[in-house]
Amino acid sequence: MGVVNFIIENILTQASITISLIAMLGLILQKKSIGQVLSGSLKTLLGFQVLSAGSSIIVGSLTYFGEIFTEGFHMQGIIPSIEAINGQAMNELGLGRDIALTFLAIFVFNILIARFTKWKYIFLTGQAILWMATMTTVFGYFAGLRGIVLILVGGFIGGVFAVAMPAIAQPFIRKITGSDDIALGHFCTIGYLFEAGVAWIFGERGENKKSVEDLKLPKSFEFLQDTYLSVMVVMVPLYIVTVLFAGETFASTLSGNQNYIMFAFLQAIQFVVGVYVLLAGVRLLLGEIVPAFRGIAMKLVPNAIPALDCPVFFPYSPNAVILGFITTTIGAVLAMFVLPTFGLAMILPGMLTNFFAGGTAGIFGNAVGGRRGAIIGGIAHGFFITLLPALLVTIFNSMGFVNATATDVDTVTAALLYAWIISPIMKAF
């Protein structure tokens with residue numbers, strides 16, 4: 001078990017290494033030369049690490065923004081955090097080994113389902129699989145499952161989600177990317193489909209549909225057609241206005257010796273830098289992983305399609321990403337005030353989720369319903385991804401996780417599946 005645990009905890013949970021090893025396998029199956037195998041594998045690793053570096057820069061900037069946002073608008077409530085749930089499950093409940101083995105089981109079930117069914121998607125977002133393994137293990141444990149049954153049930157449910165979510169999203173991804181070369185591997189997919197549905201109902205159709213990407217600007221504003229400059233024009237005022245609401249006393253605790261307004265300005269610029277690095281990593285990663293993956297498709301899982309993390313799709317509709325972030329945040333803030341009136345917990349907007357999930361949802365909304373669909377769908381999406389974590393709070397409280405919840409709606413749905421279906425069945429027997 002020591003070697004297995006080492007592989008699971010130190011290799012398979014490292015998404016960059018997992019994807020580069022899969023790229024290596026694909027190149028070997030294609031009988032490429034040693035030089036080509038090494039080059040393709042290392043470029044895949046480099047591309048993913050560059051993507052991750054961009055994500056880390058964005059996370060740092062948004063973490064700061066979340067703090068000044070909460071202080072500036074005097075919000076108090078529950079901040080969703082699957083990381084906190086994972087830590088408590090491993091340290092206080094002793095479920096670390098079970099979570100690790102469930103992680104491996106999800107990957108194995110994913111490959112088996114892809115091999116023997118028409119769903120040919122291989123889910124390659126390791127962190128998302130880890131969070132799914134955490135939720136299925138925790139909720140399976142409290143449903144009364146133990147040992148190998150706990151691991152196999154969690155692995156099977158997670159494996160089904162790992163192929164079903166990319167499969168359901170693929171018609172939209174095909175429309176967005178223009179091909180079936182890649183799929184979406186992110187456990188917020190139900191939220192994306194929700195936005196697409198709202199966009200279809202309330203958005204533009206046919207000749208009336210106007211994409212966010214086709215905005216025609218006056219000549220004096222044509223510089224905004226540049227993705228990075230348009231992001232900067234949105235984010236800089238957003239950060240500065242928010243830090244002014246937070247006030248100098250609080251904001252200075254975050255900025256140190258630097259002027260708090262200048263620090264906010266530079267954090268907004270840092271966000272744009274993160275987007276630039278992230279998109280560069282995406283281009284490098286896609287240039288290697290798709291050709292390498294053909295080897296696996298030909299040998300192990302015929303016609304296999306790699307399901308990749310959501311930032312991979314940002315270059316296809318960058319304006320929609322920013323619109324999705326803003327509208328999802330608006331919807332989340334509305335839900336924060338509305339849901340407590342119905343007896344549910346107050347869930348604070350998570351800026352990271354709003355950017356990554358909201359941005360991807362914005363791409364879906366724009367593809368289906370144009371600008372109007374992206375705006376209305378984005379607000380509805382923000383409300384929806386706040387509602388599900390609010391429903392989960394009461395269940396978590398009953399399990400001893402005080403004021404805890406999670407945001408990725410697919411993992412939340414899996415948790416509710418355990419709480420509302422599997423747990424009652426176990427108690428009945």
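Contact here means heavy atoms within 4.5 Å of each other. The views come from a predicted model, in which local features need pLDDT of at least 70, side-chain atom pairs count only at pLDDT 80 or more, and totals for chains, interfaces and linings use all residues. Residues are numbered from 1 along each chain as its sequence is written, and side-chain values use heavy atoms, with hydrogens and water left out.

**View 1. His186 sits in a loop between β2 (183–184) and α8 (189–202).** Helices (H or I, at least four residues) and strands (E, at least two) are DSSP runs, numbered from the N terminus. Once you skip the neighbours within four places in sequence, His186 is in contact with Phe123, Tyr192, Asp309, Cys310 and Asp410. With Tyr192 there is also a side-chain to side-chain polar contact, at 2.6 Å. (A polar contact is a pair of N or O atoms within 3.5 Å; within protein, one must be able to donate a hydrogen and the other to accept it, and residues adjacent in sequence count only if both atoms are side-chain atoms.) His186 has a relative accessible area of 10%, so the residue is buried. The cut-offs are under 20% relative accessible area for buried and over 50% for exposed, with partly exposed in between (1.4 Å probe, protein chains only).

**View 2. Asn110 belongs to helix α5.** Its relative accessibility is 0%, so Asn110 counts as buried. Beyond four places in sequence, Asn110 is in contact with Tyr121, Ile122, Phe123, Gly159, Ala162 and Val163. Take Ala162: 52 residues away in sequence, but 6.2 Å from Asn110 in space, C-alpha to C-alpha.

**View 3. Thr329 lies in helix α12 (residues 318–338).** A polar atom of the Thr329 side chain lies 2.8 Å from the backbone oxygen of Phe325. Neighbours within four places aside, Thr329 is in contact with Met351 and Asn354. Thr329 is buried because its relative accessible area is 11%.

**View 4. Ala23 is part of helix α2.** At 1% relative accessibility, Ala23 is another buried residue. Not counting residues up to four places away in sequence, Ala23 touches Ser41, Thr44, Ile289 and Ala292.

**View 5. The largest nonpolar core has 117 residues.** Such a core is a set of buried Ala, Val, Leu, Ile, Met, Phe, Trp, Tyr and Cys residues joined through side-chain atoms within 4.5 Å. Phe139, Phe271, Val312, Phe355 and Leu392 touch the most other members. Helix α11 (residues 260–299) gives the largest share of this core, 16 residues. Apart from it lies another core, of 6 residues, including Ile78, Ala335, Leu339 and Ile347. Zooming in on Phe139, its contacts beyond four places in sequence are Leu392, Ile395, Phe396, Met399, Ala415, Tyr418 and Ala419.

**View 6. The largest pocket is lined by 50 residues.** Val59, Glu83, Gln127, Trp131 and Leu352 lie nearest its centre. Two or more lining residues come from each of α2 (15–29), α3 (34–72), α4 (82–91), α5 (96–116), α6 (126–142) and α13 (351–398). The largest share, 13 residues, is from α3.

Definitions and conventions
On a 1 Å grid over the protein atoms alone, a cavity is a set of points where a 1.4 Å probe fits but cannot get out, and a pocket is an open set with protein on both sides within 12 Å along at least five of seven lines; lining residues have an atom within 4 Å of a point.
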